[in-house]
Amino acid sequence: MAYWAWDSSYDIGIEEIDNQHKRIVQYINELHGALVLNDKDAVKDIFLNIADYTLSHFSFEEKLMREAGYHMFAEHKSTHEAFISTIGKYKFAFDAGRDITGQLMAELQIWLTHHILHEDKDYKECVQKMLFSK
Ligand SMILES: [Fe+2]
C-alpha cells in the first residue's frame with residue numbers, strides 16, 4: 001500500500017495540474033520506498049527528481065496564473081519561492097550527509113496538501129475561465 005494515497009479532494013479540476021500534483025505524490029511514495037529499504041543512493045536520486053519536478057511544476061502554474069491575470073499571482077508566487085528555499089535547505093543538509101529524509105517527506109506532504117487545498121484551489125476558477133475561453 002502506498003505511503004500517501006491520492007484523494008479526490010486534492011483534485012483542483014485542471015487536468016494537467018492534477019496530473020502534476022499526482023506525480024509529486026508518487027515521488028513522495030517512491031521516496032518512502034527508498035527510505036524503507038535504506039537505499040541512500042535512491043533517496044538522493046528521488047530527492048533531486050522531486051526538486052527538479054517541483055520547480056518545473058511551479059513555473060507551469062505561474063505561467064497559467066500570469067496568463068489568466070490571477071489577482072493573487074504575486075502572493076502565490078512568493079509561497080512557491082519560500083518552498084523552493086526550503087527545498088534548498090534540505091539539499092544542503094543532504095549534501096552535508098545529514099539524514100533528513102523522514103523530515104523532508106513529512107514536510108512535503110503537509111506543505112503540498114495545504115498548498116493544493118488552499119492556494120491552488122483559489123486560482124482554479126480564474127485559470128479555468130482563461131483555458132475555456134481559448
Ligand atoms: Fe501552487
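This is a predicted model: local features need pLDDT of at least 70, side-chain atom pairs count only at pLDDT 80 or more; totals for chains, interfaces and linings use all residues.

Me: What makes a residue a donor of the iron ion here?

Reply: Distance. A donor is an N, O or S atom within 2.8 Å of the metal (3.2 Å for Na, K and Ca), and water is not among the atoms, so sites may look incomplete. Glu61 (OE), His76 (NE2), His80 (NE2), His115 (NE2) and Asp120 (OD) lie 2.0 to 2.4 Å from the iron ion, and they are its protein donors. Along the sequence, their spacing reads E-x14-H-x3-H-x34-H-x4-D. Glu61 in helix α2 and His76 in helix α3 (residues 73–95) are 15 residues apart, a pair that links distant parts of the chain. Helices here are DSSP runs (H or I, at least four residues), with strands (E, at least two) handled likewise, and numbering starts from the N terminus.

Me: Are Glu61 and His76 buried or exposed, and how do you know?

Reply: Buried means under 20% relative accessible area, exposed means over 50%, and partly exposed is in between (1.4 Å probe, protein chains only). Glu61 has 0% relative accessibility, so Glu61 counts as buried. His76 comes in at 2%, so His76 is buried too.

Me: Why is Asn38 called exposed?

Reply: Because its relative accessibility is 54%, Asn38 counts as exposed. Asn38 is found in the loop between α1 (15–36) and α2. Most residues other than glycine have a negative phi.

Me: What makes Tyr27 and Tyr53 an edge-to-face pair?

Reply: Two numbers settle that. Rings of Phe, Tyr and Trp (its six-membered ring) pair if their centres lie within 6.5 Å; planes under 30 degrees apart count as stacked, over 60 as edge-to-face and the rest as tilted. A search of the whole structure finds 8 aromatic pairs. In one of them, Tyr27 and Tyr53 sit 5.7 Å centre to centre with 65° between the planes, which is edge-to-face. Tyr27 is in helix α1 and Tyr53 in helix α2, 26 residues apart, so this pair links distant parts of the chain. Tyr27 is buried because its relative accessible area is 10%, while Tyr53, at 23%, counts as partly exposed.

Me: And why is the pair of Phe83 and Trp111 called stacked?

Reply: The ring centres of Phe83 and Trp111 are 3.9 Å apart and the planes meet at 15°, so the pair is stacked. Phe83 in helix α3 and Trp111 in helix α4 are 28 residues apart, again linking distant parts of the chain. With 4% relative accessibility, Phe83 counts as buried.

Me: How do you know that Arg23 lies over the face of Tyr27?

Reply: A charge sits over a ring if NZ of Lys or CZ of Arg is within 6 Å of the ring centre and within 35 degrees of the ring normal. Arg23 lies over the face of Tyr27, at 3.7 Å from the ring centre.

Me: What makes one space a cavity and another a pocket?

Reply: Whether the probe can get out. On a 1 Å grid over the protein atoms alone, a cavity is a set of points where a 1.4 Å probe fits but cannot get out, and a pocket is an open set with protein on both sides within 12 Å along at least five of seven lines; lining residues have an atom within 4 Å of a point. Grid points are joined across faces, edges and corners, and a volume is the space filled by probe spheres set on the points. The count comes to 1 cavity of 30 Å³ or more, and the largest cavity has a volume of about 40 Å³. The largest pocket has a volume of about 190 Å³.

Me: Which residues line the largest cavity?

Reply: Ile24, Thr54, Phe58, Phe83, Leu108, Trp111 and Leu112. Helix α4 gives the most to this lining, with 3 residues.

Notes. Residues are numbered from 1 along each chain as its sequence is written. Side-chain values use heavy atoms; hydrogens and water are left out.
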